[in-house]
Amino acid sequence: MDDYIRIENLSYWYRDTGVPAVRDVDLTVAKGEFACILGPSGCGKSTLLNILSGLFTPQRGKVTVDQHALFEDGRRVASEPVACGYMFQDARLLPWRTVGQNIALALKAAGFPENTWNEIIRSHLQMLRLEKYESAWPMNLSGGQRARVAIARSLAIKPAFILMDEPFSTLDEVTGRFLRAELLDLWERTGVTIVFVTHSIREAVYLSDHLYLMTAGPGEVFGRETIDLPRPRQYEDPRLTEIEGRLVNTVLEKWGYFDHKEPM
Amino acid sequence: MGARVELTPEFAPQTIRRWDSPIYQYLLSAVGVGLVIGTWFAVHPLTRFLPSPAEVWAEGAILVSQPETYASVLLSLRRLLVGLFVGFSAAFLVALAGRASSWWQRFFSVYVYVAITVPSLAVALFCLMIFGLTEVSVYVSVAFVVFPFVVVSLHEGFESLDARLHDMARVYRLGLVQRLRHVAIPEMAPSLFGALRNAYALGWKIVVVTEVFSAQQNGIGAEYNRAYDFFALDRLVVWVVFFLIVVFGVEFGVFRPWERRVFRWRDART
Amino acid sequence: MSVEDPASPVVDGAPLDSSHREGLARRALPPVLAIVAAILIWWPMTVVFHPFLPTPWRVLTSFIDAFVSGDIYPHLAISLRRVAIAWILSTILGTVIGFWMGRSRFMEAFLSPWVMTGLALPGPVIILFSILLLGVQETSRLVALVVAVTPFVVNIVYEGVRAVDPGLEDMTKVYRWERPQQVRDLLLPQISGSLFAAAAFAFAFGWKIVLIVEALTTSEGIGGQLSFFFRLLRPDKVVAWTLTFTVIMVLVDQLVFKRSTKRIFAWRPEAQI
């Protein structure tokens, strides 16, 4: 199996202050894989996603997606832009556009012909059980519903991969669990590649095929864990707890006192 | 969970009074207006200078039937709109330049400061002397007075643009037109509305000031002047009412419904 | 269209505020150039609009002349007195009405149509009314000034009172604060900002509206003289006298209401020095 997303020797520092955000990161994600990046806050996880999505240009290193180079040694390589879905920490919907219009805008920008939008919107809203809310305003929705709209939007554009930046961290515990299970179900049905960033060890173990451990900022990847528990997984599975416990020990050493700044 | 605090009725928070219902509010407003008009009815026979409501009504009826009345209102309205258009255009360019570079912002802030500070009477008189008793004088006066306030509003609007939505638009590859139409303009809508409202209210005032001093034959300000020259208080009252009808007509007939429509997505927040 | 915007300062961390590194000279350069540019445009315009637009030189001599001859002082005194009286009266009256409207839904509904009308009426209308009702006398001028300024004071104070945090008020009710304590420790700290803003606005608006009142009713006072010069077609004098009055009023404004001026122009980089 080829590496679908490949990051080699990647470094990024903030242009104005020169403070490094990530350093010498190597990382590969296979097609259709659910990969988690686990690190304390401020370790540059989000920076990594911003590079993969094309928001930031790294100063050093190489990023390849599906054998097309995106960045090479600090340059953006001119090539076919890769469509990517992005779930931010907040749902980041346009509050003045309806749920349907929000998805339609992403479709339009991604170049889908207009006569296909309705069908795509309907099927994706159905998939997330939101069909009732197509013409609702985002502010009329609960936090969980908004997160589901954001998932629908990221899936609708048929992305090469989806990036998720702690998308469930602001939701309450029950909604969060529910959405995690729902996300896994969608992932299995669509076969999409997901790169999921989190600071919660249990969330990472529950979700991922492989998880990458990052040090506190400037972030370096110091470990790769393969979670080969069968799916569907149970949140309270003792094997999951066991892996989590082992990871906590590994991580405590590297994160030092950073962990207690992140109440779960 | 802390202990629950039982509130005695008179200390209960936010007691709903019966004055709070909208019907009472409108009723009270009507009473407020009616009381003053009622006082007028009662008091006018006691004075020499107050016209009777009947006289004012008759005067109003005459003016309403005359086409010159509408011509005057429309002329003032045209002066206002042209002035506003010029002022907004200039302000938009300056605000854009200020957004593009802080150098230009510092450069133009001198002009903005001067335009905010200069009294409108001086603006009107000066324009009337330079451009003569022409339409251009009114246009320039309105544009000049309105300009700095619009620049400030637009500047505030630019400041309120949210970098997070901008990122989202970039990730999903929204084009420039889409970003303007669906992200930037809706985001700036509150400041744009604020600018429009203020400029409209302010613009009317300067139109009237310029018209009063320009000795022109028509326009609402000229009508005020004429009524004053004839010592015709009834006529002045009627013209003030016409003026208020135009001002509030646009406020309640255009701005409010338009705003309600644009901000209908906010309903849920309350 | 490319997604990347390499120069975007917003995305890649905080924008680099270069103004802190620049010296005063570089900071002062754009405003100075702006003034120079205005004069450079003004001068050729005097040819275009000859003889109506005076040269900067002509304005300067009128400016000096007004002081040297002493013509301006009595008019300044008259206008200043009117501004002061109107400012005091409308600030007090507006604060009382605004506070009352903010605290009582009854007064709010009762008075709001009149406040809205007062906000919408142009200055000339108010003064014409006042003259027709009270005759040409000093009182009618002062009444017109107060009637013109007060609605704005009412509006600012009213909004300030309405913005008082109801949660805090509930807290004071739970702890059964006495009325004086409520006013002193709960209300005043929360509305002092808007009271100050209202007073500053009353002054800033008052000295402008006084010119219109004077111009329409008298030849005494700065406004009266402005309309006199206007009828004589002396734009140089109009500019010079306006400039004098404006500079004095801005200085008073700066000295008395320093804080509010800073806030209003806070967006201007110079004001942050």
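**Stop 1: where chains A and B touch**

Select chains A and B. Their contact takes 18 residues from chain A and 18 residues from chain B; two residues are in contact if their C-beta atoms, placed from the backbone, lie within 7 Å. On the side of chain A that touches chain B, β7 and α2 (99–109) of chain A each supply at least two residues. The largest share of that side comes from α2(A), with 3 residues. Color the side of chain A that touches chain B by class: 14 residues are nonpolar, 2 polar and 2 charged. Here Ala, Val, Leu, Ile, Met, Phe, Trp, Tyr, Cys and Pro count as nonpolar, Asp, Glu, Lys and Arg as charged, and the others, Gly among them, as polar. Helices (H or I, at least four residues) and strands (E, at least two) are DSSP runs, numbered from the N terminus.

Before you go on, note that this is a predicted model: local features need pLDDT of at least 70, side-chain atom pairs count only at pLDDT 80 or more, and totals for chains, interfaces and linings use all residues. Residues are numbered from 1 along each chain as its sequence is written, while chains are lettered from A and ligands numbered from 1 in the order in which they are written.

**Stop 2: color by confidence**

Color by pLDDT, the predictor's confidence in each residue, from 0 to 100. Chain A averages 88, and 94% of its residues score at least 70. Now select residues 258–264 of chain A: the pLDDT there is below 50, and the stretch has 9 contacts in the model beyond near neighbours in sequence.

Move to chain B. Its mean pLDDT is 86, and 91% of its residues reach 70 or more. Where in chain B is confidence lowest, and where highest? It is lowest in helix α1 (residues 22–43) of chain B, at a mean of 83, and highest in helix α3 (residues 67–100) of chain B, at 94. Residues 1–16 of chain B have a pLDDT below 50, with 7 contacts in the model beyond near neighbours in sequence.

**Stop 3: the sheet in chain A**

Select six strands in the order β7-β8-β9-β3-β10-β11 (chain A). They form an open sheet with mixed pairing; two strands pair if DSSP finds at least two bridges between them. Which strands stand at the edges? They are β7 (84–87) and β11 (221–226) of chain A; each has a single partner strand, so one side of each is left without a neighbour in the sheet. From one strand to the next, the twist averages 15 degrees.

Zoom in on β8 (residues 161–165) and β9 (residues 194–198) of chain A. They pair in the parallel sense over 4 bridges. Find I162(A): it stands opposite I194(A) in β9(A).

Axes are lines fitted to C-alpha atoms, for helices over the stretch in contact, and angles run from 0 to 180 degrees between N-to-C directions.

**Stop 4: a hairpin and its neighbour**

Select β1 (residues 3–13) and β2 (residues 20–30) of chain A. They pair in the antiparallel sense over 7 bridges. W13(A) has P20(A) in β2(A) as its bridge partner. The two strands form a hairpin with 6 residues between them, and G18(A) in the turn has a positive phi of about 75 degrees.

T64(A) in β4(A) is the bridge partner of R6(A).

**Stop 5: two helices in chain A**

Show G100(A), I103(A), A104(A) and L107(A) in α2(A): they meet W117(A), I120(A), I121(A) and H124(A) in α3(A). This contact has 6 nonpolar, 2 polar and no charged residues.

**Stop 6: chain C against chain B**

Finish with chains B and C. Their contact takes 54 residues from chain C and 57 residues from chain B. α4(C) gives the largest share of chain C's side, 10 residues.
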